[in-house]
Amino acid sequence: MGRLIRFSQILCLSFMLLQFRVQSSSPSRSSLDSSPHLCRPEERSALLDFKSTTKLVDGCFDTPRPMAIIQTWNESKDCCLWKGITCDKPKGHVIGLDLSNNCLEANLTTNSSLFRLEKLQSLNLAYNEFSYPNLYFGFDRWKSLTYLNLSNSGYMDGSFLFDEIFLLPKLVSLDLSGNYGLLLDNIKFQMLVHNLSELRFLILDLVNMSLVVPSSLLNLTSSLEHLSLSFCNLQGNFPSQVFQLTKLVSLDLSLNDLLLDNVNFQMLVHNLTELRFLILDYVNMSLVVPSSLLNLTSSLEHLSFSDCNLPKSNQSSTLEYLNLADTNFSGELPHSIGNLKLLKELNLDNCQFYGSIPRSLANLTEITRLDFSSNHLQGQIPDVFRKVHNLTYLRLDANNFGGEIPASIFNLTNLALLSLSSNKLLGRVPSWLFSLPSLYYLDLSNNCLTRPIDHVEMPNLILQVVYLSNNEISGSIPSFFFDLVYLISVDLSSNNLTGIITPDMLSKLVNLDNLDLSNNSLLSLSNNGTAVNYSFLRSLRSLTFSSCNIHKFPSFLRKAKNLFELDISKNKISGQIHKWEIEGMLSLYYLNLSYNFLTGIYLFGFGNLRTVDLRSNILQGSLPILSTTWDSMQQLFMSGNNLTCVIPFSYCNLTSLEVLDLANNCLVGKIPECLGNLSVLSVLDLRMNKFHGIIPNSFVNGSRLRTLNLNGNQLKGRLPSSLGNCSELEVLDVGYNSLNDTFPYWLGVLLRLKVLILRSNRFHGAISNSMPAFYFPQLRIIDVAQNDFTGLLPSNYFKILKGMRDVAPADKANLEYIDGIGRCSGCLAWGNIYKDSVKVIMKGTERELVRILIIFTTIDFSSNQFHGPIPEELGELNSLLLLNLSHNSLNGQIPSSLGKLVELESLDLSSNKLEGRIPEQLTKLTFLSILNLSHNELQCEEPRPPSPQFDEEDDSTAVFEWKFALAGYGCGLVLGLSLGYIAFTTGKPWWVVKKVEKYQQKLVGRCKQVRLISYFWADLATVAP
């Protein structure tokens, strides 16, 4: 967004100058002031008629409504003296009308009185809200018009306007930018360039030119000086015809889908020798040879190649502004960068530069803004700032710089912003930084800075922002911090700070808006203080003191009537928070008191609250009484307490509620049916309580519910059919209840469902084998264990589980979670607090996944009454990680297709009636760490240990031949355990020990293959028949 603002500012300035040049031949207002009445009556009448047809629009273009020029027009005065009007001196004709930025609304029809101003030469209606109801106007009456600006002047649908523009042959400047509905096809573009042969300035930004053939640009008049076609949907090869416009001073073709190769770039450099402004942001320049960049015209003042996939940096000694932000530049910064001695602004943000900063940077004595952030630069920041006295803006954040902060920064007396965050800087925070006389923004967060901050006798009192978070700064906060009266935002979180913060210490910080001191385990906040001036609380909006050493609720905050966010979670606050301690904070939006030792809290009357987090305290008895004005509440967390009541029906009045988490309490009674009427509710987590009765069948059509977790209650009956209305449902967990139903195949229409847990209920009957192919397309976890399902395993069902097949490598690399980001639309400032979690059975033990990875896939059909063979179709689920079919009555052979499950980590087929040999294809399952085939009727053949063919330096990632291990799995406990025990106690055979030891070393740095070797041996104990 910042780049777009700069582009628009440059264009705006440039074309304001152009308008001045077009109108410079007209007499000035001062030359008319002493003249007799010049205005012709018929033209004054036309202007007044037009005034009567207009009205003002509040806040058009997101700006406050200005004082409209047209409102100052007075019939008693000569119209040539009216604001916005220019007349020719000899005859009194109105030749210039400027109503730009007036937020006017009017219809421009054929009968508009503006067309009676037939001598008009300049017309500017930019930034208004006109409508154009007629296909034909009266532009042909403006035969003398040379300057026309209709940019951002209303909605223009189609291309009819151009039919009128063609009738203005004397146009020198045309600006139609910002009119989103305007379409310019190839035929009309050719007519435009043919008819308007005197054009020098053409601005069509945001006009749809997707149908214009690039060769049509060849017909543009050779006198064109300024051409701007930004964001015009131009496509294909860069229009080389532009290079014939040798008088071009300004060219902007940014934000188009164009490819500029090296040949065309050389033509641009060779032909356009008058260029001063060149903006090609987002044009693909990946084919440009680096040496071509060195030939750019010496007249160039502004160059912007942002996000152009450029191969290397350019060099031009006369440049004053160079913006290469968000490009694909790579390599080391050249020493020749010091030759840009006139450079004032250099922006290399978010490129791919590495290496160190060249010391020649000291030659840039005119530089005012320097941004090298978000690269791969390293080494120590060079001491090159002694002569760069004009520098006001310095960003070196998000690199790999080490060492200490260079002392020469002390000479930057004009420096206003310094950001060195997210590096590896060492040493202590230099105290002289707080004495830089112009500095208002300081960010040293996310480094390795240590030791206490020294005291400063005469600090810079204009400092407004100080971020020192995520370092290892120790000691107490120096006293001079509390004298920085203009401080607005302070973040000292995640350090080793100590001491007690009292209200009187904060009393001078009357402008403080945000204070974050969280994650300093020895830092406390106290209510104590003498002669405290609480006026500093008037401006305080955000206070974060999480994971510190607070023992008592800071009741002095009751005077913070504008406090927006309060987070004092993960402290040692105990007891009850009474009404008098908290009732003054009526502006609170976000309140986090989780992970303390609270037994109660008063929350009645806080009508602005959006998020309340009281998780993991020792709240007892009833749920807190909620205010009747809590209709704005969006997230409510009270899980992990000792609440023993029913859910009050008043909770159903929380019509804006998106997350309700009451898990892990002792809540009783029935689930209120009205909760299903909360149409914006995204998460309903009531697991591990004592609810009884049925699940309410009241989920409304269009429900936004994404997570429903009722695990571990005493619910009975059937799954409610109204869940079919929850089209956004991703997680459904009703495990460990007493539900009595058949398999809910109808849930397959929920195309976003990823997790389905039915474990340990009374579901019964066969699972249909004839479900439609589009059912359950994203299902990744299904657990129907410990029920009463019967019949064959549904082979066709396994075919449709697309979420367990062919997971893309990119999805495996990006460790995303099912709960995702942005679940709560109203909690953008604090993120998505709720995290989905499920319990799965691994190695016979129930384990909780605190967060659910998108790539985690599991099928658990264990402990039912399934019979028949294992379907071959299971082998197609090549992204499956866990498969448990144990404790059924399955028979036949283990299908060889299971060898295709190349990602499988756990396979449990125990306690069935399987027979035959173990398929050799299972040796391909190199990630398999848990295999249980015990309690079957599998045949065993005499083991054949592998030949010791391994070289001592062999670097293979296989631990050992799986045939070796399978001998133990297939034939029972003795051989499997014996082979493992002998290998690791005697060191023989040496090749087994050597391979395992090497494999263990490799596991340390390989997240995907972290598999404990003990699994391979310990699990052998489970295979004995």
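Is Leu-461 buried, partly exposed or exposed, and what is the relative accessible area of Leu-461? The legends below take up this point after an overview of the chain.

**View 1. Overview of the predicted chain.** This is a predicted model in which local features need pLDDT of at least 70 and side-chain atom pairs count only at pLDDT 80 or more, whereas totals for chains, interfaces and linings use all residues. Residues are numbered from 1 along each chain as its sequence is written, and side-chain values use heavy atoms, with hydrogens and water left out. The chain has 14 helices and 61 strands, where helices (H or I, at least four residues) and strands (E, at least two) are DSSP runs numbered from the N terminus. Of its 1025 residues, 55% count as buried, a class defined by under 20% relative accessible area, with exposed meaning over 50% and partly exposed lying in between (1.4 Å probe, protein chains only). Among contacts (heavy atoms within 4.5 Å) with a separation of 6 or more, 60% come from residues 24 or more positions apart.

**View 2. Surface patch at Leu-461.** Leu-461 is partly exposed, with a relative accessible area of 39%, and lies in the loop between β25 (441-443) and β26 (465-467). Together with Ile-462 and Tyr-486, Leu-461 forms a nonpolar surface patch of about 270 Å² accessible area. Patches are made of residues with over 30% relative accessible area and no salt bridge, nonpolar side chains (Val, Leu, Ile, Met, Phe, Trp, Tyr) being joined within 5 Å and like charges within 9 Å; a salt bridge is a side-chain nitrogen of Lys or Arg within 4 Å of a carboxyl oxygen of Asp or Glu.

**View 3. The open sheet β1-β4-β6.** Three strands in this order make an open sheet with mixed pairing, and its edge strands, β1 (55-56) and β6 (129-131), each pair on one side only. Two strands pair if DSSP finds at least two bridges between them. β1 and β4 (residues 104-107) are antiparallel over two bridges, whereas β4 and β6 run parallel and are joined by three bridges.

**View 4. Residues along β4.** Leu-104 is the bridge partner of Leu-56, Glu-105 stands opposite Lys-55, and Ala-106 stands opposite Phe-130 in β6.

Methods
Areas by Shrake-Rupley, 256 points an atom, 1.4 Å probe, with all protein chains shown as cover.
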